[in-house]
Structure formats: C-alpha cells, structure tokens
Amino acid sequence: MVNFLVRRIAAMIVMLMITTFVAYNLLNLAPGGPLAELLQQQQNNTNRLDPGAYDRIMQRYEFDIYLMPRYTRWLIGWPNGPINLFGQEMFGGTQVGCLREGRTILKYPDGREVVSDCESPVFLNDLKGRAVSNGILRLDFGTSQGILRGRPVSELLNSRIGLTMLLQGLSSLIALIIAVPLGVITAVRQYSKLDYVTTAIAFLGSSLPTLFWGLMGLMFLTQPLKEAGLPYFPPGTLSSNFAETVPILGTIKPESPLDYLWHVALPVSILAFVSLSGWIRFIRASVLEVLKQDYVRTARAKGLTERLVIVKHAVRNALIPFITLVVTILPGLVSGAIITEQIFSLPGVGNLLVGAIYGADYSVAMAILLISVFLTLIAYILADILYTVADPRIRLR
Amino acid sequence: MALTANIPPKRAEKALKPLARSDSQWSLVMRRFRRHKLAMISLGVLLVILATSLVAKQIAPFARDYLNVDPAAKFLLPFSRDPVSGDMHWLGTNHIGQDLFTRLIYASRISLTTAFLATTIGTFIGVVLGTLAGFFRGFIDSVVQRVIDFFSNLPNLPILLILAGVLSSDPKIIPMPDWLIKLIQNIMLFEQEREARVVAVIIFILSLLGWTGVARLMRAQVLQVREREFVEGARALGANSLSIIFRHVVPNAFPPVIVAYTLGLAGSLTAETGLSFLGIGIQNPIPTWGNMLAFTQSYMWAHPWLPLIPSFPMFLCSVAFNFIGDGLRDALDPRQAKG
C-alpha cells in the first residue's frame, strides 16, 4: 500500500510537471496574447505607443524573457538575478531574453563583435530586482495580468471559489442522494412503471447538454411562473437588487442568506439533474449486471430475504465501479461548472476561467488549470484507495 | 468419386448449397437492430435531418449570410413574409433579419459534419493505438498507456477552452493539409478558406481529446481476443501479425467500438455546442446549432420561440445518437440485451 502510494504520487508529480509545461507553452506560444489589442490600436494610428511604453508592457508580461526561463520563473521563481555561488555572482552576462528584435552588432569590451538578431537583449543581471512570484510550486500563483492587474491570483480565486464549491458540492450531494436509491430501485423493479418513467427522464437528461437544460430552465421556470402567480426562480446572478415577494417563500430581502439560496437553487437543480441522469443509468446497469451473478443466486438460495440480498450483496458490489464517477466531483469543486455559471451569470471559478481566456490573463488561467489537474490526479489515486476499501479482493501493489 | 463425376457441374454446385440460407453475422445483427423500434425511428429522423442538410444549398430560400437590418425584418415570427422580397421565412428571422430556416439547415450540415469528422478521427486514432498496444504489448503498450493516462487526466472542459481559445485566435498555428481544408470547405459549403480553417481547428481539438476512451476500450478488447483459439490457429497456420490483426483481431474486437462511436457522436455535438456557446468555438457568421442557441440567450425573454429553433434539431440528433447506440449495443451483444 505504502509502496503503491509512493509510486503513484511520484507518477503524479511527473504528470503534473508535463501538464504545466505543455499548458504554459501552449498559452505563451499563442499569437496575439495581451499585446494583440495594443498592436491593433497601433495600426489604427489612434494610440501610438512610445518605445518606453512598449518596453514597460513587454516587461510586465515578461515577454522580454525567453520561454524557458520564463517558465522556470513561473514555476519556482528562478532565475531572479545572477546565480550566487559561494558568495560570488556568476553568469550575469548570460542572455536570457530579448526586449526588441532587430539586427545589431554587439561590441564586447574585449574587442569581440557579435552579430545578433536582438536589438536590446536582456541579461541575467537585468532580472535583479524585478518582481517575481515565489513560484507556483511554492503555492504562489503570481499576480493577475488582466482581470485585476497586479493583484495576487490567489485573492481572485478566493473570492470565486466559495460559490463554485457551493454550486458543485450541493448539486453533487443532491444528485447522489437521489441517484443511488433510484438507480437501485429501477434495476430491482425492472420494467415497472417507475423504471420506465425514470429511465426515460434519465435518458433525456444525459443525452442533452447542460446548456440546453440551463436555457430551458431559465426560460420556463422564471418569468412564466412569475406571471402565473406561482413560486418562481430568479433569472441568474447571485442576489436581487430589491426585496421580492415570492408566493409561498414570502418576501425575500436582498443579500440575505435566503436570497442567495433562492438564486443558486435553479443552477444547482440543473447541475444535479444532469449529473444524476447519468448516474442513474450507470447504477441501474451495474445493479442489473450484479443481480445476474452467481453469488446473488447463492445468497437467495441460502434463504436470505430479498431485502438483505439486494442491500448487502447486490448493491455493495454494484456500487464499486461507481466510485470512479463519484471521485470526479473533487476536481469539479474547483474547476467550476463553466457553462452553468455562464448561463446564470454567477461569479464562480468557471466564469473566471472564461474571463481569463478572453482577457489573455494567463496567470489566472494557468492557476485554475493547474489546480484542477492536481485535483483530478488526486481523485484518481483516491478512487484506487477506495476500491480496496470497498472490495477486499483488490490489492494495491 | 464416381458418383460426382457423373453429375454435370451445374447440378453439383446446386447440391453443395445448403438447404437453409445461413445467416451471416451482419444480417443477424441487422435483424436484431431492426427489432429495436426506438433505434429505427431515430435512424429515420437522423436520415431526414441528414438529407435536408445535404441539399441545404438547393432548398435554402435565402443566402447563408443574407441579412436585413431593417427593423421591420427583425424577429419575424415563423411563417411570415419578408417585407422586402415577399419571400417566406419558414422559421422567422433573428436579430439581424437573417432567415432562420436557411441558417438552421446550413448549421445542421456544419454541426453534424464537425461531429462526424471529430468522432471519426478520434475513433480512428483510438482504434489504431489501442490495437497496437493490446496486440504487441510490451514497450508499445506502456508508452500508449502513459499517453492515454496523460490525456485522460486532463480536465476536459478547461483544457478544451484553453486550446480553443489559443488555437482559434490564429488557425494557422497548426499546419493542416490543404486537401483537408479543401474537403471541409466543400462539405460545409464555405466560400472562404478561413472559415474552413477555423472549423478544422475545432475538429482537431475535439478529436484530440476524444480518442482516449476508444483506445482504452480497443486495448481491452484486443487483449481478450488475441488469446482466443482462432488467433492461435491462424498463427499456427503461419499467418503474420499484420494479417492476424486485420482479419481476426480487429473484426472481433470491433463491436463495442461501434457503440462507443455513436455515443461519441452525441458527445462531440454537445462539446461543439458548449464551445460555441462560450464564444470560443465556431463563431458567427458560420452558423452552428451551438452559436445559434447562444445568440438567442439575449433575446429569449421577448421572443421565447427563438431558442427552441436551434435546440429542436440538436435535441433530436443527440437523442437519436443515443438510441442508435443503445440499439447497436443490444444488437451486437445479445448477452447484455434487456430481457
């Protein structure tokens, strides 16, 4: 077990490194980026950038540093100046970047002349005193480049993560509470009326995108219900601007706990509906499979009550493969319900990610991506451990 | 010996024919599939949608990007006439007076082709890698396994978003063969090459993330099939690996992949819709069901029928793909069939 964990965690770290490397390079190789808009303005001749401003912006995004050192600076906050060896500064003259490209001849003090493609190179010495994060490995996500320029990314994340956790946690909990019993019952009472209705609804729920259900919910469960004098849902956002009177619920004061709950109710139910439809189908199929097994027949043959057969023998075994699905809740808690948050304009992490990609705020996008990759990897390890708990036949080696 | 020698050749052939026609594997499967009513209905619906999209150019009453900014031409109800030309807008118009029926049939062509191409490419990669890994095992297997692990550990939607955001800003970042661009341009009836490039990038991204499931499935299947007696028999008869793979292993390991393929089609359709909705997928003026739906979000309070127009075919297609997948699963593997 310990051996297994050590190996898995080592593999996880390697995987995490590869992912960060690939994702960082992808984002940074992208044409355009934060400078695209500025350059477009240049072309329009409306806002001419003077060279100083250009240099400053390049330096702010660290675009003057080559990709590799930029990546290591982001990862571990190094190099942040000349390398200090035994109290001596070394390699200060190593070129680590290029501020402006252009063919120039560099004249060295010792008389050498080197033709270079870089008009104003950046040396290791120049990095001294530049603001640099402690590195993402030391849990410093750096500063935001676009959305809230100059503020720590962790601050942005903190402000969004509560809502996302509430959305995802609550909807997963509801989905679990409904899906497990309903999946088992539909399998045990196969071809009953309940089975047909549930399976049909679950089929629709899992074959259509969240986007569809979100828009339908927004369309039919808000304004039309209000006009019909029934309890209705608010159309998106997180709180009302003024007190609203809803039938049955009474008057809801803006920004009260009830108000927040009322606002997340619809998105949570839609998220729960979509995931529980998939889960019901999964559980139903796996319980049906297990009910055909020999050990269930044995349990029946030795005279156990049907209830005991199902609860103790069938369901326990049927839920083992379900672990793989349940652990995916974990990364979802942070990466957010991107589409649902977008439809209901809820300020969660998913919304932040979309904003970060639109606004070319790469440090924010990378932070969210890294956390969700990390949690996905943790979730898979957790699934393996849970497998051994649920099924003693499985041993991790 | 003497007996057969006396029979004329024609009759000998007749005598050799079995009395009852034996059923091939495929006709058995087809018969079982035909019994699945919902799957047959779905297939019919899908064929109708495919047929309309196939003749999109011929039956569309307006040009794809025709627009009319005259306020009188905006948000026309279904079955109303164009104030200028007097032509019928079967499904009404949108916020810039574009004919929704025309947009919808072009969109079904584009959305369905995108889903088909993305799923086909993804399934192809998955089948090839899964077969190699399962059949040869050893070094190839562990490499393929690691790559699958890498791709399936990525959180899907965030990665999809980032990739699409990065790549669609400049579609030329991935070199695409010209014939592929030409093919997409011709299938989707694009007038500009640029539009084909954008769609090609989306197809590339969707297939890049969609192959791991198939590869895993194919590997598991091949691992089982390669141990069966007929493979051993083929090897004993001196068949080389290549012919064993193509004639014995792949055909026998394939059925679950067909089911996964139909379900994958629904998945690609959904993913494309989601991306277009977030404004990072295929964008205006190229119509897709996803971006048509996304555009209606701002106007749906005043014109509640608008979101129903693109969602209806989307709904039909994704339900149809799922039913066909179910039907195929029951037909291909009778052991798992219900009842």
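**Hairpin, domains and salt bridges in a predicted complex**

Pro109(A) is found in the loop that joins strand 4 and strand 5 of chain A, and, with a relative accessibility of 87%, Pro109(A) counts as exposed because this value lies over the 50% cut-off. The model described here is predicted, and the predictor assigns the complex an ipTM of 0.77 and a pTM of 0.83. For chain B, the average pLDDT is 83, with 90% of the residues scoring at least 70.

Five residues lie between the two strands of the hairpin, where Gly111(A) adopts a positive phi near 95 degrees.

The domain assignment divides chain A into domain 1 (61–140) and domain 2 (154–390), and the C-alpha centres of these two domains of chain A are 48 Å apart. Pro109(A) and Ala367(A), separated by 258 residues in sequence, are 44 Å apart in space from C-alpha to C-alpha.

A nonpolar surface patch in chain A is formed by Leu166(A), Leu170(A), Leu173(A), Ile174(A), Ile177(A) and Ile178(A), which together present about 490 Å² of accessible area. Of these residues, Ile178(A) is placed in helix 5 (residues 153–188) of chain A and is partly exposed, its relative accessible area being 37%.

Over all chains, the structure holds 18 salt bridges. One of them joins Asp141(B) to Arg219(B), with the closest N and O atoms 2.8 Å apart. Because Asp141(B) belongs to helix 7 (residues 138–153) of chain B and Arg219(B) to helix 10 (residues 193–225) of chain B, the pair ties together parts that are 78 residues apart in sequence; both Asp141(B) and Arg219(B) are buried. A salt bridge is also formed between Arg197(B) and Asp178(B), whose closest N and O atoms are 3.8 Å apart. This pair links distant parts of the chain, with Arg197(B) in helix 10 of chain B and Asp178(B) in helix 9 (residues 178–187) of chain B, 19 residues apart. Arg197(B) counts as buried at 13% relative accessibility, whereas Asp178(B), at 54%, counts as exposed.

Arg226(B) and Glu227(B) form a further salt bridge, in which the closest N and O atoms are 3.0 Å apart; Arg226(B) is buried, with a relative accessible area of 19%, while Glu227(B) counts as partly exposed at 48% relative accessibility.

Note on methods
Residues numbered from 1 in each chain as written. Chains lettered and ligands numbered in written order. Predicted model: local features only at pLDDT ≥ 70, side-chain atom pairs only at ≥ 80, totals over all residues. Heavy atoms only, no water. Patch = residues over 30% accessible without salt bridge, like charges linked within 9 Å, V, L, I, M, F, W, Y side chains within 5 Å. Areas by Shrake-Rupley, 256 points an atom, 1.4 Å probe, with all protein chains shown as cover. Salt bridge = Lys/Arg side-chain N within 4 Å of Asp/Glu carboxyl O. Helix = DSSP H or I, 4+ residues; strand = E, 2+ residues; numbered from the N terminus. Buried < 20%, exposed > 50% of the residue type's maximum accessible area, 1.4 Å probe, protein only. Pairing = 2+ DSSP bridges. Domains from an automatic or database assignment. pLDDT = per-residue confidence, 0-100.
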